[in-house]
Amino acid sequence: MDGKINILAIDTSCDETAAAVTRGTKILANIIWSQAALHAKFGGVMPALAQRMHRERIDWVIERAIKKSGIKTEEIGAVAVTAGPGLAIALEVGIAKAKELAEKWGKPLLGINHTEGHLLSPLARSKETRGADITSEEIFPAWGVVVSGGHTEIIAADKPGKYTVLAKTSDDALGEALDKAARMLGLGYPGGAILEKMARSGKKSAYPLPLPMARQGTTDWLSYSGLKTAMYRLIGSMGNDLSEQQICDLAASFQNRAFQHLERVVSAQIKKANNTSRRKYLLAGGGVIANIELRRRLRRVAKENNLRLLVPYSLKLTGDNAAMIGVAAAFKTAKMATDFTAIDRLPRWSIEEV
Ligand code: KG4
Ligand code: ZN
């Protein structure tokens, strides 16, 4: 034994029913049952459907996670669950199950912030990795970027549990904007990944889409609504039948501007804080970090600022998952509660309030 405990982690914040078993920052099992295909025909996540599917699948993902981890149920030392942010009625399912199990097993329970999970996801290590865990002293203070379907946040992470949001979106999240652009191009939902694929065969300077907030000259927050409207008008002006090449060019042009905007704000925020010397890493997490082009650009921003970009080691850790919740929990075992009534859903929980 190395003094660390095995944690059963659960996340039901949106449309993935997820359970994982972690030990420190090591992932022993990470099971995700995605409902995305069920929501696709509605063009967005239907909360009531998400709740019903979470209820149907939660026991199954937990059983599989424990079985795959190779540990016995008695060896689980604590339960961690996403308490927010997320869809209230979806969060509720995971929280109720986590309380039920923690009580049954007589183990402590931790309520974890989903954004913090994404932020710390680059610290997760695979089961096979040898050697000691990375300590928080080595990593923090650090910078962070969380980009997903619900979040676009640039964060100063002083230490686990102490975060300041330096900039965030005032309207759509980056992933949401990419999804909407994909939908305008008839690429289905959620379309971020397919937009990336099309963009690879397109020319990013093919269409003159605006760089968000360039005219306002601010890098204090992000906004994607203007870019979205410009894309909508542009497509409208092009008639009904877009060729494959036009779709690829539009995808590349939109993605380029959307990423350029993020890069600009990340870079400006890091420079503004002017204490990069103490920070060595830029942690990047969330569904959109699956995007190779975005990783390349963030790596460049990191390099320009003498930082190292850390991204999750596997694509399974970029989108919603429970392993990242277990990893975040490993940094705050001191906050474990045995009074479960204190843990409740927090649909709008900011990472600054953890
Ligand atoms: O983290 P996530 O699974 O869920 C939230 O917490 O929101 O992120 C989902 C988002 C979606 O908007 C999806 O289109 C986007 O991540 N995404 C991508 C890629 N893969 C997923 N965006 C760009 N490129 C990708 N390869
Ligand atoms: Zn998420």
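Helices (H or I, at least four residues) and strands (E, at least two) are DSSP runs, numbered from the N terminus. The structure is a predicted model, in which local features need pLDDT of at least 70 and side-chain atom pairs count only at pLDDT 80 or more, while totals for chains, interfaces and linings use all residues. Residues are numbered from 1 along each chain as its sequence is written, chains are lettered from A and ligands numbered from 1 in the order in which they are written, and side-chain values use heavy atoms, with hydrogens and water left out.

The domain assignment gives domain 1 (6–124 + 314–353) and domain 2 (142–310); such bounds come from an automatic or database domain assignment. The C-alpha centres of the two domains lie 27 Å apart. To their contact (heavy atoms within 4.5 Å), domain 1 gives 20 residues and domain 2 gives 24 residues.

Next comes the interior. A nonpolar core is a set of buried Ala, Val, Leu, Ile, Met, Phe, Trp, Tyr and Cys residues joined through side-chain atoms within 4.5 Å. Here, buried means under 20% relative accessible area, exposed means over 50%, and partly exposed falls in between (1.4 Å probe, protein chains only). The largest nonpolar core has 65 residues, of which Ile62, Leu119 and Leu283 touch the most other members. Helix 2 (residues 47–69) supplies the largest share of this core, 7 residues. Domain 1 and domain 2 each provide at least three residues of this core. Apart from it lies another core, of 49 residues, including Ala182, Cys248, Phe254 and Ala302. Leaving aside neighbours within four places in sequence, the contacts of Leu283 include Leu119, Phe140, Trp143 and Leu310.

What surrounds ligand 1? A shell of 18 residues does, the closest being Gly149, Asp179, Glu196, Gly287 and Asp320; a residue is near a molecule if one of its heavy atoms lies within 4 Å of it. Polar contacts are also present, a polar contact being a pair of N or O atoms within 3.5 Å; within protein, one must be able to donate a hydrogen and the other to accept it, and residues adjacent in sequence count only if both atoms are side-chain atoms. A polar backbone atom of Gly149 is 2.8 Å from an oxygen atom of ligand 1, and for a polar backbone atom of Gly175 the distance to a ligand oxygen atom is 3.2 Å. Ser148 takes part through a polar side-chain atom, 3.4 Å from an oxygen atom of the ligand.

Ala173 itself is buried, with a relative accessible area of 1%. Beyond its neighbours within four places in sequence, Ala173 is in contact with Ser148, Gly149, Gly150, His151, Thr152 and Tyr224.

Finally, some backbone details deserve a look. A cis peptide bond, with omega about -10°, joins Gly84 and Pro85, and Pro85 lies in the loop between strand 4 (76–84) and helix 3 (88–105). The bond from Tyr189 to Pro190 is cis too, with omega near -15°; Pro190 lies in the loop between helix 6 and helix 7. Met213, although not a glycine, has a positive phi of about 65° and is buried at 10% relative accessible area. Asn306 also has a positive phi, near 55°, but counts as exposed because its relative accessibility is 71%.
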